[in-house]
Amino acid sequence: MDEKIKLSIDGKTYEFPVIVGSENEKAIDISKLRSETSFITLDPGFGNTGACSSAITYIDGDKGILRYRGIPVEQVAEHSTFVETAYLLVHGNLPAKEQLRAYSASFTKHAKLHKDMKNFFAGYPTTGHPMAILSAMVCSLSAYYPELVKPEPTPEEIDESAVQLLSKVRTIAAYSYKKSIGEHFVEPNDDLAYIPNFLNMMFSKPGKPYKIDDDVVKALMVLLILHADHEQNCSTSTVRLVGSSWANLFASVSAGICALWGPLHGGANQEVVEMLEEMKKEGGNIKKFIDKAKDPDSNYRLMGFGHRVYKNYDPRAKIIKEQAHKLLTKLGIHDPLLDIAAKLEEAVLKDDYFAQRKLYPNVDFYSGLIYKAIGIPTNMFPVMFAIGRMPGWIAHWKEMKADPKTKIGRPRQIYIGPTMQDYVPVEKRK
Ligand code: CMC
């Protein structure tokens with residue numbers, strides 16, 4: 001018999017169905033709670049609220065487990081490519097050889113921006129944050145591909161928009177960087193694979209082609225794979241919420257980019273490196289920063305630590321830390337920020353304040369040091385996160401569209417404002 005949960009209110013008992021996930025996660029389905037009892041649930045920050053059922057990513061935050069479509073992220077990072085991971089997330093299974101070849105080829109085909117779109121870049125100030133440009137440009141794709149933005153697109157149209165987005169996001173990101181340093185755009189190169197093509201658009205200059213280094217490509221690949229999905233985080237929930245009103249994929253993802261930009265979410269990778277720079281300026285006095293983060297009267301936080309879901313070491317941070325050491329050694333870079341980061345991590349892991357709250361390094365703690373070693377400027381770090389998260393956003397939007405249970409997202413509230421009062425004309429107000 002299906003399990004039910006009983007709730008007793010004012011002597012009357014109500015029953016609510018229990019939903020069980022494939023990893024035995026349990027939820028109480030309270031969708032009828034209000035109509036049957038007139039109560040709603042209150043859960044600020046949705047810390048304990050499931051908004052959907054999803055078959056994309058599994059996380060066990062207590063054990064530090066992350067799996068894409070059932071495959072441990074450690075295996076994906078070691079053996080897969082970013083393009084293959086995107087296929088896995090968006091289509092639900094690993095592609096056969098010919099499917100993978102065709103998928104890669106479709107990214108090559110769609111990498112160029114519409115020539116009119118390039119004009120937009122000219123209008124932005126060089127100091128404009130690249131996340132502002134990225135979100136505006138991604139939303140603008142809706143204007144250039146009207147055939148893909150119907151309220152009820154076909155599966156083929158969804159796949160076409162997805163490929164357009166996954167491919168063009170690199171070009172938009174690289175152009176926003178070139179604009180910020182006042183250099184000419186470098187066109188996508190059809191002979192290059194996904195990541196080399198991006199690096200070439202970022203770093204090639206007229207008469208000075210960028211030399212592709214396989215270790216740099218591998219490090220960036222691992223980073224993008226590790227960022228590819230993380231179930232119902234702030235930006236992905238935003239994409240689903242916006243999409244639930246039948247807004248198109250480009251508009252929904254553009255909103256997700258804005259949500260990601262915040263320093264508590266994807267903007268944290270930029271903040272981490274800025275925090276480490278500050279610590280360096282202070283002669284490596286990390287104690288001062290730790291004390292400030294522990295001070296109950298201060299809002300200051302150690303960036304790159306803590307996570308809503310992980311109450312154990314973030315499995316992504318473990319891999320990224322290794323990659324950072326490997327890449328910096330290979331490139332012969334001695335970055336004093338890596339030493340400060342290691343010292344900070346050691347001090348935090350020994351500190352009771354952080355231990356009691358189960359605060360560990362997260363995905364953003366070491367990633368910036370890899371981007372920095374590659375030559376990517378600090379304000380582009382959240383853009384790199386956005387490129388990585390693109391397959392996840394698309395997969396969730398697609399899943400949300402296909403789910404017959406999807407309804408427009410519309411939380412309730414508990415009103416705490418004034419009760420009924422009469423309007424007072426301006427001349428009678430005190
Ligand atoms: N430094 C100092 N104290 C912290 C930190 C931190 N980084 N993170 C959480 N705390 C404290 C917080 O003050 C609270 O203490 P108390 O119980 O005494 O009030 C307790 O730990 C629980 O924090 P919370 O704010 O209730 O936790 P949350 O789940 O709402 O927030 C978080 C999660 C990631 C926003 C938060 O840990 C944070 O602000 N971290 C720093 C920013 C950061 O690194 N963000 C990247 C997250 S990983 C990438 C991604 O997916 O976005």
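The side chain of serine 167 reaches the backbone oxygen of phenylalanine 107 at 2.6 Å, and a further polar contact of 2.9 Å joins the side chains of serine 167 and arginine 170. A polar contact here is a pair of N or O atoms within 3.5 Å; within protein, one atom must be able to donate a hydrogen and the other to accept it, and residues adjacent in sequence count only if both atoms are side-chain atoms. Serine 167 lies in helix α7, which spans residues 155-180, and it counts as buried because its relative accessibility is 0%. Buried means under 20% relative accessible area, exposed over 50%, and partly exposed in between, with a 1.4 Å probe and protein chains only. Helices (H or I, at least four residues) and strands (E, at least two) are DSSP runs, numbered from the N terminus.

This is a predicted model, in which local features need pLDDT of at least 70 and side-chain atom pairs count only at pLDDT 80 or more, whereas totals for chains, interfaces and linings use all residues. Residues are numbered from 1 along each chain as its sequence is written, and side-chain values use heavy atoms, with hydrogens and water left out.

**The ligand site**

The ligand is surrounded by 20 residues, the closest being Leu264, His265, Leu302, Gly304 and Arg308; a residue is near a molecule or strand if one of its heavy atoms lies within 4 Å of it.

| Residue | Part of the residue | Ligand atom | Distance |
|---|---|---|---|
| Histidine 265 | N or O atom in the side chain | oxygen | 2.5 Å |
| Phenylalanine 305 | polar backbone atom | nitrogen | 2.9 Å |
| Tyrosine 353 | polar side-chain atom | nitrogen | 3.2 Å |

On its own the ligand has 940 Å² of accessible area, of which the protein covers 73%; such areas come from the Shrake-Rupley method with a 1.4 Å probe, and for residues only the protein chains shown count as cover. Helices α16 (352-356) and α17 (363-374) each supply at least two residues of the shell around the ligand. By class, that shell has 10 nonpolar, 6 polar and 4 charged residues, where Ala, Val, Leu, Ile, Met, Phe, Trp, Tyr, Cys and Pro count as nonpolar, Asp, Glu, Lys and Arg as charged, and the others, Gly among them, as polar.

**Strands**

Strand β1 (residues 4-9) runs antiparallel to strand β2 (residues 12-20), and 6 bridges join them; two strands pair if DSSP finds at least two bridges between them. Isoleucine 9 stands opposite lysine 12 in β2, and the hairpin formed by β1 and β2 has 2 residues between the strands, with aspartate 10 in the turn at a positive phi of about 45 degrees. β2 is also joined by 3 bridges to the antiparallel strand β3 (residues 26-28), in a hairpin with 5 residues between the two strands, where asparagine 24 in the turn has a positive phi of about 65 degrees.

An open sheet is formed by 3 strands in the order β4-β5-β6, with antiparallel pairing. β4 (57-60) and β6 (71-72) stand at its edges, each with a single partner strand, so one side of each is left without a neighbour in the sheet.

**Cysteines**

The structure holds 0 disulfides, a disulfide being a pair of cysteine sulfur atoms within 2.5 Å. The sulfur of cysteine 234 is too far for a bond, because the closest cysteine sulfur, in cysteine 258, is 11 Å away. For cysteine 258 the closest cysteine sulfur is in cysteine 139, at 8.8 Å, which is also too far for a bond.
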